[in-house]
Amino acid sequence: MTDYGHDLLFGTFITPTAQPVHQAVELAVVADRAGLDLATFQDHPYLPKFHDTWTLITYAAARTSRIRLSGNVLSLPLRQPAVLARSHASLDRLTGGRIELGLGAGAFWDGIEAMGARRLSPGQAVSALGEAIKVIRAVWDADRPGPVHVHGEFYQVEGLKRGPAPAHDMNIWVGAYKPRMLRLIGRAADGVLPSLSYLEGGPADYATINEHIDDSAGEAGRDPARVRRLLNINGTFSQFGRSFLNGPAEQWAEDLAGLTLEHGISTFILATDDPSAIEEFAAEVAPAVRELVAAERA
C-alpha cells in the first residue's frame, strides 16, 4: 500500500479537435463550471484535424476563471524549452497561477520529423528531456544571479536572461512509461502522467512506475512524495457495475479511491469529450473519492 498523501485533483482530457472550431474550448468551460481542477489537451501539432494545443490553452484560459490548464503532454521536440519556460510563466502570471507544464519526450516521430524536427532515438529523447527541464527551471529561477548557461548535447543556452518566474510553483508533469524516463522523473520532475489505456497490465503496472521513481528520487536525495502520481483514465458510466471504471458513479469512486490508497495516484484525468460525463465526474465521482480517501487517511 502506497499513499503519498497528496491532495486529490480531478480533471478532464479534452481532444483539441479543430472542427467544430470551439468544441474543445467549450468543454474546458464545462469542466470549469462543473468544479474540476484541471482541463488538459493532447498535443499533436502535425495533425491538421487538431488545433495547436498551446494556442488552444491560451484561448481556453481567457474563457475560464478558476480551472488549471495544461498540455497532456506537450511535444518537446517541436517546442524549444526556453520558449516553453517563458510562455508558461507569462500565461501563469496572466491567469493568476492556473497553468501547469505537461511535457513529453516525443512520440509519432514521422509526424515530428515531417514538421522539421530531428528524429531522436528513445535514449536521445530522454537525454533531451533532461536537458530541457534544466533549461526551464533555470529560466524560472528569476532571483538567481547571472544568466542561464546550459551546455547540453541537444540544447545550448548561453547567457539567457532569467525570468519571469511563474505566479505559482509551477509543476512539470512528464508523460512516461519506461524505466529510464521514470528515473529521470524521480530525479528532476514534479509528476508522472501515464495513460491507463497504455498500461498493459492495467492499474497494477503503477507499482512498477512507483518503484522506479521512488528509487531514483531517493538516490538523488529527493523525497519521493515530491513527485505527484497522475493518471489519464477512461471508462463508461452505466447503471450497473460491470468492470473497472464501468458502472455507476459510486463504483467509480471506489475504484479510484483504491488506486489512491494502493498506488498513491492523486490526480485522475478523465478522457472524454462528453459534457454530461464531465459533469457527472465532477459532481458525483470526485467528492465521493475525496470522502473515501479522507476516511482511510484519518
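**Salt bridges and a pocket**

Author: Glu-26 and Arg-63 join their side chains in a salt bridge, 3.0 Å from N to O. This is a predicted model, where local features need pLDDT of at least 70, side-chain atom pairs count only at pLDDT 80 or more, and totals for chains, interfaces and linings use all residues. Residues are numbered from 1 along each chain as its sequence is written, and side-chain values use heavy atoms, with hydrogens and water left out.

Reader: What makes Glu-26 and Arg-63 a salt bridge?

Author: A salt bridge is a side-chain nitrogen of Lys or Arg within 4 Å of a carboxyl oxygen of Asp or Glu. The pair sits at 3.0 Å, so it qualifies. By this rule the count comes to 13.

Reader: Why is Glu-26 called partly exposed?

Author: Buried means under 20% relative accessible area, exposed over 50%, and partly exposed in between (1.4 Å probe, protein chains only). Glu-26 has 35%, so partly exposed it is. Arg-63, at 34%, gets that label too.

Reader: And Arg-229, buried or exposed?

Author: Buried, because its relative accessible area is 0%. Arg-229 also meets Asp-214 in a salt bridge, at 2.9 Å from N to O.

Reader: How do you know which lining residues of the largest pocket are charged?

Author: Asp, Glu, Lys and Arg count as charged; Ala, Val, Leu, Ile, Met, Phe, Trp, Tyr, Cys and Pro as nonpolar; the others, Gly among them, as polar. On that basis the lining divides into 21 nonpolar, 13 polar and three charged residues.
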